[in-house]
Amino acid sequence: MITNEIKLPIGVQEELDKVSKIAGYLWDREWAERNAGNISLNLTSFFEKEELKDQGPFIEFDFPKEVGGFVLFITGTGCYLRSLIDKIDEAACILYINEEATGYSIIWGGKSKGFGPTCELISHASIHLFNSINNPSHIAVLHTHPLELIVMSHHELFQDEEKLNNSLWKMCPEIRVFVPRGVHCTPYALSSTEALAKVTIEAFKTRDVSLWEKHGATATGEDIEKAWDYLDVANKGAKLLLMSWSAGFEPAGLSNNQLKELEQFL
């Protein structure tokens, strides 16, 4: 059990409050069964490096060397996202990666017995590294299991990314406007592997959402609420499409001219 405790900057506490709120949404939606899903935040800009030295025991870990000095909030392995609602310091931690990127120290949280960061730590660190270079305003990463999007990853449309996105965008204007780059059909890769991190980063080069085949979906955002929005809106498209099929008809969808008209809002 980690017993360290540093005083959190006000801005960090505000971000953690958002995490607790979104965790409630995930549980209510049935997107976070048992210990499914994970959340992380790049909080590096909120801290002074000097105050982080000699905080907590050092744990060796092989990170990409470029993430040396990062400060990350991240959920724990085996922890339930629903616990983030009222026990966030037990189900998650804030860790400081040393400058050499050879390991980390937990500087806050991680209070549950036997706590350790999620096994997807390498994936999250790699995504934060990618965003720090290519999309620095995006500090949040959310991986969860949106029901209808997962169903779509089993459908033949998943094999044609352009057709899948067109089918989702056509369901209502908000999907075209608020998920403008669409969903990436990310091929299956084993959880907690470098291969999964690589295909997910590749997805974010062109799309807003990485739909992991037969698994779940991941998005990033300026904060955890914005990351949630990408997944929420994309999943609405999948849900409307599946509802139409369940009712026995192929939806008419927005026309190409109507979709083109919406580009003024992108």
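Trainee: How many salt bridges does the structure hold?

Mentor: A salt bridge is a side-chain nitrogen of Lys or Arg within 4 Å of a carboxyl oxygen of Asp or Glu. The structure holds 13 of them. This is a predicted model: local features need pLDDT of at least 70, side-chain atom pairs count only at pLDDT 80 or more, and totals for chains, interfaces and linings use all residues. Residues are numbered from 1 along each chain as its sequence is written, and side-chain values use heavy atoms, without hydrogens and water.

Trainee: Which residue forms a salt bridge with Asp 208?

Mentor: Arg 181, with the closest N and O atoms 3.3 Å apart. Asp 208 sits in the loop between helix 7 (194-204) and strand 8 (209-212), and Arg 181 in the loop between helix 6 (173-178) and strand 7 (183-186), so the pair ties together parts 27 residues apart in sequence. Helices (H or I, at least four residues) and strands (E, at least two) are DSSP runs, numbered from the N terminus.

Trainee: Is Asp 208 buried or exposed?

Mentor: Buried means under 20% relative accessible area, exposed over 50%, partly exposed in between (1.4 Å probe, protein chains only). Asp 208 is buried, at 8%. Arg 181 is partly exposed, at 33%.

Trainee: Which residues are linked in a network of salt bridges?

Mentor: Glu 15, Lys 18 and Asp 223.

Trainee: Which side chain meets Glu 263 in a salt bridge?

Mentor: That of Lys 260, at 3.3 Å from N to O. Lys 260 counts as exposed, at 55% relative accessibility. Glu 263 is partly exposed, at 35%.
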